[in-house]
Amino acid sequence: MHSYDPAYAHNDVKPGNVLITHRKEQPPLSILMDFGSARPARKQIRSRSEALQLQEWAAEYCSAPFRAPELWDCPSHTDIDERTDIWSLGCTLYAIMYGMSPFEYVLGESGGSLQLAIINAQVKWPAGPKPPYPEALHQFVTWMLQPQAAVRPSIDNVIIHVDKLISKFSSV
């Protein structure tokens, strides 16, 4: 979808929209589902009215714990693109690893705000003496959770990095 012309964004990447198949003697295959929120990814926001319209749309179609910061608090003069899905993918990987999005911890805190945690990219990694996943995987997820969309990786860069991680850890 990101490589289409024009590029499309799914806008609701989350664990509940990922189907994982199990096939004999083959690696599992992940399939992204539910394209009800998909639309052209690139949108120029040039007024406060357009920014508010985008935020209202996102509140209706994008699951809050996986919604990119720019969809929570859209500047009046910005360009939105497919990297909103990269943010959601990073949240989804974290949720697969730890059972919830990287920001849902705030819901259990007094006065915690999911929106503020996301906008400020306040990721809280589970504490412990021995992390259950390699630091390289944490760094990969953190890379996708850059609060500024302009510095988030593209899907092509994510794929290249995934291939490197697979090669690194399949030989261990």
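**Close-up views of a predicted model**

**Figure 1. S63 is found in the loop between helix 1 and helix 2 (69-72).** Helices (H or I, at least four residues) and strands (E, at least two) are DSSP runs, numbered from the N terminus. This is a predicted model, in which local features need pLDDT of at least 70 and side-chain atom pairs count only at pLDDT 80 or more, while totals for chains, interfaces and linings use all residues. Residues are numbered from 1 along each chain as its sequence is written, and side-chain values use heavy atoms, with hydrogens and water left out. S63 has a relative accessibility of 18% and therefore counts as buried (under 20% relative accessible area; exposed is over 50%, partly exposed in between; 1.4 Å probe, protein chains only). The side chains of S63 and D12 make a polar contact at 2.9 Å (a pair of N or O atoms within 3.5 Å; within protein, one must be able to donate a hydrogen and the other to accept it, and residues adjacent in sequence count only if both atoms are side-chain atoms). Residues up to four places away in sequence set aside, S63 touches D12 and K14 (heavy atoms within 4.5 Å).

Figure 2. Most residues other than glycine have a negative phi. N11 is placed in the loop between strand 1 (8-9) and strand 2, and N11 counts as buried because its relative accessibility is 9%. At 46% relative accessibility, D34 is partly exposed.

**Figure 3. D81 and helix 3 (83-98) follow strand 6 (78-80).** D81 occupies the loop between this strand and this helix and is buried, with a relative accessible area of 15%. Its side chain makes a polar contact of 2.6 Å with the side chain of R83. Neighbours within four places in sequence left aside, D81 is in contact with A41 and R42. Helix 3 has 16 residues and reaches 23 Å from first C-alpha to last, close to the 22 Å expected (1.5 Å times one less than the number of residues). Among the buried residues of helix 3 are T84, W87, Y94 and M97.

**Figure 4. The largest cavity has a volume of about 80 Å³.** On a 1 Å grid over the protein atoms alone, a cavity is a set of points where a 1.4 Å probe fits but cannot get out, and a pocket is an open set with protein on both sides within 12 Å along at least five of seven lines; lining residues have an atom within 4 Å of a point. The lining of the largest cavity includes N11, D81 and T84. Strand 4 (39-40) and helix 1 (48-61) each supply at least two of its lining residues.

**Figure 5. The largest pocket has a volume of about 1,200 Å³.** Of its 31 lining residues, S30, L89, L93, V158 and V162 are the closest to the centre. Helix 6 (155-170) is among the elements that each supply at least two lining residues, and its eight residues are the largest share of the lining.

Terms used: Grid points are joined across faces, edges and corners, and a volume is the space filled by probe spheres set on the points.
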